[in-house]
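Here are my notes for your first look at this model. Please keep the structure open as you read.

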Amino acid sequence: MPDSVKNNQLLKIINNRRSVRRFTEEPVRDEVFAAILEAGRMAPSTVNLQTWSFVVFDNDQWRAKFEHFIPFRGTRAVIILADTYRLRQILDVFPYSPLVEHTAAVINASLAAMNMNIAAEALGVSSIMLSDTGQTGLFNTDFLIEKLELPENVIPLMTMVFGYA
């Protein structure tokens, strides 16, 4: 890190962030989690279309949906979705371009996830981005589409788990 920027708080937060694979039982408070979600909502997106959706869980909600604990015993989880379903609802005046819409939705949703990751770190909350819900060891898109009853053109991308290291 160059000396001229080594004391920048945001760069310190980004460079200190690590994926945590074991969390304490201390819950992430509602107001802290709300701030993390808001950071995701405020992420940049193509033409401000915000082509993402978040499915938000606490431990009880996760157990009710998936019949086991949040991975690594996190206390909050978010499944990030690339959402072109909403896009089609508002952009029917533009030509249909599924590859462009899909690519933009994946990029935008990934930016939202990264914003949440950085916000969590800034608030003292640890996180990990997973390609798993704890069901198979791999990110099973078909399973999640069915389990979450997602409409066509809404694609699960990743699970983010939050808690205290």
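1. Start with helix α5, residues 98–122. At 1.5 Å a residue, its 25 residues should span 36 Å, and the end C-alpha atoms are 36 Å apart, so the two agree. The expected span is 1.5 Å times one less than the number of residues. Helices here are DSSP runs of H or I with at least four residues, strands are runs of E with at least two, and both are numbered from the N terminus.

2. A word on the source. This is a predicted model: local features need pLDDT of at least 70, side-chain atom pairs count only at pLDDT 80 or more, and totals for chains, interfaces and linings use all residues. Residues are numbered from 1 along each chain as its sequence is written, and side-chain values use heavy atoms, leaving out hydrogens and water.

3. Back to α5. Its buried residues include Ala112, Met116 and Asn117. Buried means under 20% relative accessible area (1.4 Å probe, protein chains only). Just after α5, glycine 124 has a positive phi of about 80 degrees.

4. Now find arginine 17. It sits in the loop between α1 (9–16) and α2 (30–41). Its side chain makes a polar contact of 3.3 Å with that of asparagine 117. Such a contact is a pair of N or O atoms within 3.5 Å; within protein, one must be able to donate a hydrogen and the other to accept it, and residues adjacent in sequence count only if both atoms are side-chain atoms.

5. End with strand β3, residues 126–130. Four of its five residues are buried.

Conventions
Buried < 20%, exposed > 50% of the residue type's maximum accessible area, 1.4 Å probe, protein only.
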